[in-house]
Amino acid sequence: MYKERVLSSSTRLRALKSNSSDVPFGIGFLALSVLAAFHMRTDDERTGRAFYPRLAEMLGCGLAGRTYPVGFEGDAFLELWDELAAWSKAQFGRELAAPDAVGVRRYVAYPLAHVPLRQVDIERLPQFFDTFGYEPGARVPLDRLAYDLYEASGPWRHLTDAGQNALTDRHRRPFVVRQVAHELERWDGCRTDSTGTRIATIELWMDIRRRRAQLHFLARRPTGFPDIIEDGNLLFASSQDGWYEPIPLRRDDGALLEGGVRVGTQSNGDRYYLQFRQVRVLPLTPSEEYTGFVSDRVLRADTECAVLCVEPFVDQVARYLQALSHTPVHLRRDDTIPLGWCLFTGVRATNECSPPPGLENLKVESSLVLIPEGGLRLGRRWTWLESAPARLTVLGTHRGLSAQVDGQEVRLDEVGRLETDRLGIVGQHIVEIGNRLRQRVTVLQGAVHPDCRAWLGASNDKPVPVAVPAGRWIILGAAPGESEGVVAPMGGALVRPTFRARWAVRVGSGPGAIALHLHDSGFGAHGLAQASVPAKERGVSWVETVYQAGIRRPVFCCPHGCGHELLRAEWRQMMESARSIKRERRRRR
C-alpha cells in the first residue's frame, strides 16, 4: 500500500489522508509507526534512538538522504495524527494520546506517546522482577506492581528516560503497569547480569509421598539454556519444556539449602547459571505445573500452603502461622527432611496478620491464581485435549466472588474448584473470577498427526508395542530371564521385547521403587526403544530387579485400573520366584 499509494503519488504521505468520515485511511501506517517505536533498542546494527531506519525497514523502502524513509514528510505525518485525533473525538468522544511538548524529535514524539514501554525497557524488566522478588509466570495485583514501579520512590530508575516519562504520565501509567504484568506472566525466570551472564532460578519442590515429605531442587530452563549444567556434586539435566529434572535433597543437605546454590557452565562462549538464594524461612504454595508445593515469595490467602524453616526459627514461625490460621498447623521432622530444617504443613491463612521482623517473606497475599490439575495438557500452554480437560482451582481469597465460564455462572466448591463440564467442549473458553482474574482455556479435538505411520509389522497376529513413561525402566516378563533395559525419552517410548511384558520397573539407589503393570497382548515385533541390557545378563537382571524392587515396597500402578490386591498377588508370585532363585545360587556357592 505504501509503495502503490504513497511513492507513486506526487502528494507523497498526504495521499493517505481521507476525504470522508469513515475510518482514516492512514491508520494502518500510523500503527506501523507505533510498532517501529516499540522496537527501538540497541543491537548490532542500530542504537536505541534509531526510529526512522526501523520504520523504513518495516515499510520495505530505503532512506532518503540517510534520514527519513523515502516518501516521508514530517508535517504530513503530523497531519495524519491530527486527522486520527479528530476522528476519535467525533466518533467515540475519546482524546487521542499526544506528546506534552514538542522538541527536536517532534515527529518521533507522536508514535512514542502510544508506546508505554519500548523493547529496550522490556529487556530490563527481568532485573525489576528479580529486584522486587517476583516469581516467573506470576499473576500479581496491579496495585502492587504500580507501587513498586512508581509510587514507592518514583519511576524505577533502570528504565530509560522515555520509560520513566511514561510512568510519570498519569494517563499512560495504567498501561505501563498492565504491560509489565503481561511480561511477568510470560517471564521464564531468566535474567542477564552486567557481565552478560544469563541466570535462571532454582525452586524448591515439596511433595508428600508415602506419608513423608520429599524435597527437590527444581531448576527452570529458559530458552537457550544448555541441556546439562553440572558443577561439583549437582547435575541438572533437561526434562520437560522449561524445566530441568528435579534433584532430590538428602538428609545431609541442610547446609546446602541454607547457604544457597549457584551452579554454572559455559556453552558456545556464553555463561549460564542456575541460582537458589540462601534462605532461612521459605513459603511453599501449590504449583500450576507440579503436584505438591513449590517455593513462592509469599503465602496465598485462604489456600493450603506449607512453610520450611531452620530449627532456630521454629517457635517464632509456629506462633505466627497459628495466628494466621483458625486450624492447627502441623510440624514435621521427617527423616527425609534435611538436618537443621523442619516443615509446617496444613497452613491456611484466613486472618490478616503482619509478619514479625525476619519473617517478611511469610506475608499473605490475596491475589488470585488459577491452578489446573489433571487432564491431557498440550505443552505448557493453557490447552487441553477433548474429553480429558483439567480441573481448575482458584487459589487466594475468592469468597464472595462469582465464577463464570463463557459468561455462564458456575459454582466454586469449598476448596475453590470450579464445578463445570464446559471445559470439556472443543473450542476456546473464558474463565472469569469476579473482575479480578480472567484466563483463556483452549480445548482441541484429537487428531492423528500427518507424519504418523502404521507400526511396522503390526497386525492381528503381531500386536502393537507396549508404552512406558519417560525414564530408565527394566521391562520384565513373568518368567525368570525375561528382562530388557529401556531408556525412554521425555515423551515416553514404545517397546516390543521378545517376550510377553508384564511389568516395567524403576529402581534407584535410594528408597522406593515403581512397578508399572503392563497389559501385553502378545509379542513378535521390534520396538522403537532399544534394549540396553546384554542378553547374557538378563537372567541376573530379572532376579535382581524383582528382588531389589520388592524389598523397597514398590508403588504399584496400572493404567488399566487393576485392583491393588490383584497387583500385589501377581507381584508376590514373582518375588517368591526371585527369592527361590537367590537361595539356590547361595547353596551352589
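Student: In which sense do strand E27 (residues 471-476) and E30 pair, and over how many bridges?

Tutor: Strands E27 and E30 pair in the antiparallel sense, over three bridges. Before we go on, keep in mind that this is a predicted model, where local features need pLDDT of at least 70 and side-chain atom pairs count only at pLDDT 80 or more, while totals for chains, interfaces and linings use all residues. Residues are numbered from 1 along each chain as its sequence is written, and side-chain values use heavy atoms, with hydrogens and water left out.

Two words first. Helices (H or I, at least four residues) and strands (E, at least two) are DSSP runs, numbered from the N terminus. Two strands count as paired if DSSP finds at least two bridges between them.

Leu476 stands opposite Trp503 in E30, and Ile474 has Val505 of E30 as its bridge partner. E27 also pairs with E28, again in the antiparallel sense, over six bridges. There, Arg472 stands opposite Val487. E27 and E28 make a hairpin with six residues between them, and in the turn Gly481 has a positive phi of about 95 degrees.

Step back and you see an open sheet of five strands in the order E28-E27-E30-E31-E32, with mixed pairing. E28 (483-488) and E32 (555-557) are the edge strands; each has a single partner strand, so one side of each is left without a neighbour in the sheet. On average, neighbouring strands here are turned by 25 degrees against each other, direction ignored; the axes are lines fitted to C-alpha atoms (for helices over the stretch in contact), and angles run from 0 to 180 degrees between N-to-C directions.

Arg553 is found in the loop between helix H13 (538-551) and E32. Its phi is near 55 degrees, a positive value in a residue other than glycine. Most residues other than glycine have a negative phi. Arg553 is exposed, with a relative accessible area of 63%; buried means under 20%, exposed over 50%, and partly exposed in between, using a 1.4 Å probe on protein chains only. Arg12 also has a positive phi near 55 degrees. Arg12 lies in the loop between helix H1 (2-7) and helix H2 (27-38), and at 29% relative accessibility it counts as partly exposed.

Arg502 forms a salt bridge with Glu570, with 3.4 Å between the closest N and O atoms; a salt bridge is a side-chain nitrogen of Lys or Arg within 4 Å of a carboxyl oxygen of Asp or Glu. This pair links distant parts of the chain, 68 residues apart: Arg502 is in the loop between strand E29 (493-495) and strand E30 (503-507), and Glu570 is in helix H14 (residues 564-588). Arg502 is partly exposed at 21% relative accessible area, whereas Glu570 is buried at 19%. Elsewhere, salt bridges that share partners join Arg14, Lys17, Glu73 and Glu79 into one network. The whole structure holds 27 salt bridges.

Another sheet lets you put pairing and charge together. Six strands form an open sheet in the order E19-E25-E24-E21-E22-E23, with mixed pairing. E19 (383-385) and E23 (418-419) are its edge strands, each pairing on one side only. Strand E22 (residues 408-412) pairs with E23 in the antiparallel sense over two bridges. Arg411 stands opposite Glu419 in E23, and these two residues also form a salt bridge, their closest N and O atoms being 2.8 Å apart. Both ends are partly exposed: Arg411 at 47% and Glu419 at 41%. For a contrast, Asp296 and Arg300 meet in a salt bridge of 3.1 Å, N to O, and both are buried.

A cavity is a set of points on a 1 Å grid over the protein atoms alone where a 1.4 Å probe fits but cannot get out, and lining residues have an atom within 4 Å of a point. The structure holds one cavity of 30 Å³ or more. Its lining is made up of Trp384, Pro389, Ala390, Leu392, Leu423, Val441 and Val443.

Conventions:
1 Å grid on protein atoms, 1.4 Å probe; cavity = no way out; pocket = protein on both sides within 12 Å on 5 of 7 lines; lining within 4 Å. Points joined across faces, edges and corners; volume = space filled by probe spheres on them.
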